[in-house]
Amino acid sequence: MTTVVPTSEEDPSLAIVRFTSQLAWVDAGPEAAEPQVTRLCREAEESIVAGRWLDLATLMVTSADLVSSKISDKDLECTYTIICSLVKNVSSPEEVLEMVKVIASKVVQQPNDKASLRLKILFNLYNLLDHPNARFQVYMKALELAVSGKVADDIVPSFKKVDSFLKEWNIDIKDQRELFLAIANVLRENKSLAKESLQFVTRYLATFSNEDAQVLSEAKDEAVRAAIDFIKAPSIFQCDLLDMPAVAQLEKDPNSALVYQLLKIFITQRLDAYMEFQNANSEFLQTYVLVEEDCVAKMRLLSLVDLASDESGKIPYASIKNILQVNDEEVELWVVKAISAKLVDCKMDQMNQFVIVRQVLYALSFGLYKVARILILLSHFSRCVESEFGQTQWQSLRTKLAAWRDNVATQGIMASVPMDIVNDVFLRLPASTLVRCRVLSKPWFSLIDSSDFLASHLKRTLETEEHLMILLQSHRLLRTVYLDGPDKLSDVDHPLQTGNLTKVFGSVNGVIGLTNSPVVLALFNPSTRTIHRLPIEPIDFSERSITREYVFYGLGYDSVSDDYKVVRMVQSKHKGYEGYPLQMEGYPVETKVFSLKSNSWKRIHLRFEPQIPFMFLYYHVLYRRGNGVLASNSLHWVLPGNPLALSKIIRFDLATDDLSVLSGPLELCHEVMNLGVLDGCLCLICHDYHNIRNGHVDVWILREYGGSWSKFITVPKPETVVSFKFVRPLIYSKDRSKILLEINSGTLMWFDLVDKSFETLQIKGYKGPSNAEILVSSLVLGCKGVSGRAPEKRMLQKGNKSWYAHLCSLVLGCRGDPREKEIMVKGNKRCYAHLFKLLSYTYQLA
């Protein structure tokens with residue numbers, strides 16, 4: 001068999017066309033073949049000379065596809081390697097995408113012909129691409145080929161990198177659904193990967209929120225299939241399906257209501273509920289090819305785990321016999337099955353007919369089931385529906401916790417939980433909860449305080465956008481509220497709030513900058529209540545030359561040096577200040593930078609060019625412009641113009657300490673401008689100051705430095721707003737279909753990017769006006785030295801038993817205490833809050 005070896009005498013692409021066309025026409029004879037080969041080569045030459053790479057790629061893949069079955073694997077791979085390399089000749093993203101579609105479609109057209117090799121060709125094409133969307137399209141074709149060509153095993157290892165792929169591709173929610181569903185279909189080809197398949201179906205279903213019925217109906221078939229897959233799987237005992245809107249819709253669907261009912265039984269109830277369901281719906285199992293013996297076996301294991309978490313460490317054989325509906329001889333058999341499935345760690349006392357539970361091994365995701373369910377309900381109730389949790393529920397909770405307390409004290413459950421599992425669980429928790437978990441054991445204390453855990457927790461929080469909060473500042477008060485649960489405002493106390501009016505001048509990675517005078521500044525983490533006061537750094541101008549209105553602040557994170565920095569620029573209100581190093585006719589400015597790593601300030605001397613914008617005085621038009629905006633490792637401010645000068649954007653590079661002027665769009669030279677940041681990109685908000693009552697706001701965006709500004713959106717004035725005095729984009733919604741806007745002083749509205757409509761973000765108890773910042777939950781600045789934690793530290797020093805005893809005495813031991821009546825009868829909010837804080841520790845353990 002001939003092997004293609006391109007030489008320097010002929011273009012490799014032309015050599016491939018000649019080789020494949022000759023092979024395609026070889027059976028037609030020389031007289032018929034030679035004109036066709038000549039024609040195809042001429043077309044290829046013309047495409048190369050004219051730079052029509054898409055036409056050339058189309059010609060080459062068509063010829064290669066015709067002869068794929070006639071040449072060796074090595075020849076076919078070499079042929080497609082040269083074809084795929086054509087994408088490097090194209091600069092337009094649109095043309096790259098078209099070329100990718102042409103090549104990938106041909107590669108998967110004959111899936112049964114050398115399927116493994118074709119999959120390898122697709123991966124080679126993927127690695128040649130720089131365009132994220134093109135890479136996504138190639139990967140989707142690879143998934144299609146894996147199923148149709150039955151080579152799923154070759155692509156399964158790549159599924160471990162799906163999260164990094166999602167970050168790289170930056171695809172919308174519709175494409176994510178397509179991806180998750182395609183991966184699940186690949187995994188379904190291998191029965192041993194049923195658990196992984198269910199995980200991706202779950203991720204697919206999780207992308208559907210409370211959308212309209214038409215959108216949710218798209219997921220109905222997969223919701224049914226996922227529920228049945230979970231019920232069938234003999235080794236899967238936990239899932240997150242029940243509360244998803246895509247699955248919850250089945251409850252009201254007459255064709256799927258029984259599926260939802262059975263799923264609910266498997267997740268929340270015991271064997272007796274399943275038997276009652278089966279008796280009432282005898283033909284249901286056959287409809288979905290469910291084997292009754294397998295369903296009963298799984299329900300018995302689930303019931304046994306539920307029973308183990310519901311008792312106080314000892315389970316009588318009689319209880320197991322009754323709950324599992326087995327005879328005396330089968331009790332020990334089912335206990336052994338539960339141990340073999342790694343659901344419980346226990347031993348059998350055959351003499352006294354007891355099962356002694358040492359540990360519910362599934363505790364972190366399923367075990368201690370009743371307690372976990374009640375605590376989850378309590379967590380929801382404490383933030384949402386207080387009236388639904390009455391005296392009966394409190395009494396039940398008290399009984400369960402009492403039993404669990406004794407089990408913890410006697411068996412030492414948490415001591416045996418592997419630290420890698422603890423680490424994985426802790427990475428998913430908000431920082432405020434982790435602060436409390438530090439005091440529960442010395443290993444946990446060391447883990448949470450470690451720099452590696454801090455970095456991992458922050459990285460995961462930023463990637464998943466979990467536990468996001470809105471920080472609201474009004475006069476002397478700071479408050480936070482969770483973005484996905486705007487029903488409970490929390491006051492934020494900090495040492496700087498006394499005295500002068502405290503100002504928030506930035507937020508980054510969960511840390512905010514605070515100041516109540518130009519020389520009194522601090523970094524503060526609202527999640528951990530940790531504060532770092534900056535050293536006092538005097539201003540070199542005389543006192544009569546400055547006021548706080550002349551000060552520009554900026555807070556940023558320098559990713560190059562892994563350092564948090566504060567920039568302070570002070571403008572003198574007197575022209576040509578004589579004591580200033582750079583003498584000029586304008587209003588001089590002093591720039592100093594604080595580094596958290598060195599805990600010190602340093603002076604930055606401005607070059608002439610960035611000094612020019614400070615020729616004029618800006619304090620009287622600074623509406624929220626005094627706070628620097630962080631994007632691309634730099635802080636930015638707008639210095640608005642006057643009749644003699646245009647507005648300027650000044651940029652301070654945190655890595656190089658270089659202050660420079662950043663050009664804005666030429667079209668906006670006479671517009672009123674402000675700055676914001678959206679998805680890490682610098683935004684320019686522009687509107688006509690003289691038409692703020694009836695006009696609109698244009699938002700321009702700078703995707704990357706060195707590129708050009710592009711108009712992102714035009715925001716019309718909402719009917720409920722009198723005028724546009726201040727507009728700033730804060731964050732995308734999770735499905736990226738909306739943007740949260742701060743309008744004027746603290747009016748928060750979701751702006752729909754498609755239908756251009758507004759929806760006010762309702763925050764319970766919030767009246768405004770306030771300035772808003774997006775805040776992540778992080779451990780930056782650490783937890784050491786957190787005020788109000790001395791009693792917890794003393795408990796830690798005394799050991800876990802002292803802490804458990806103290807916790808349980810507060811939660812359970814208030815017999816006769818007036819607080820118990822307040823909690824159980826009056827529903828005192830303060831008592832609820834106090835109790836929930838204590839139960840949060842228990843919930844993390846469960």
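Modeller: Two strands pair if DSSP finds at least two bridges between them; strands (E, at least two residues) and helices (H or I, at least four) are DSSP runs, numbered from the N terminus. The model is predicted, so local features need pLDDT of at least 70 and side-chain atom pairs count only at pLDDT 80 or more, while totals for chains, interfaces and linings use all residues. Residues are numbered from 1 along each chain as its sequence is written, and side-chain values use heavy atoms, without hydrogens and water.

Colleague: In which sense do strand 9 and strand 10 pair, and over how many bridges?

Modeller: Strand 9 (residues 520-525) pairs with strand 10 in the antiparallel sense, over 4 bridges. His 532 in strand 10 is the bridge partner of Leu 523.

Colleague: In what order do the strands of the open sheet stand?

Modeller: The order of the 4 strands is 7-8-9-10, with antiparallel pairing. Strand 7 (503-508) and strand 10 (530-533) are at the edges; each has a single partner strand, so one side of each lacks a neighbour in the sheet.

Colleague: Which residues of helix 2 are buried?

Modeller: Buried means under 20% relative accessible area, exposed over 50%, and partly exposed in between (1.4 Å probe, protein chains only). In helix 2, Ala 33, Val 37, Leu 40, Cys 41, Ala 44, Ser 47 and Ile 48 are buried. The face turned away from the buried side of helix 2 carries the exposed residues Glu 31, Glu 34 and Val 49.

Colleague: What follows helix 2?

Modeller: Gly 51 follows helix 2, with a positive phi near 75 degrees.
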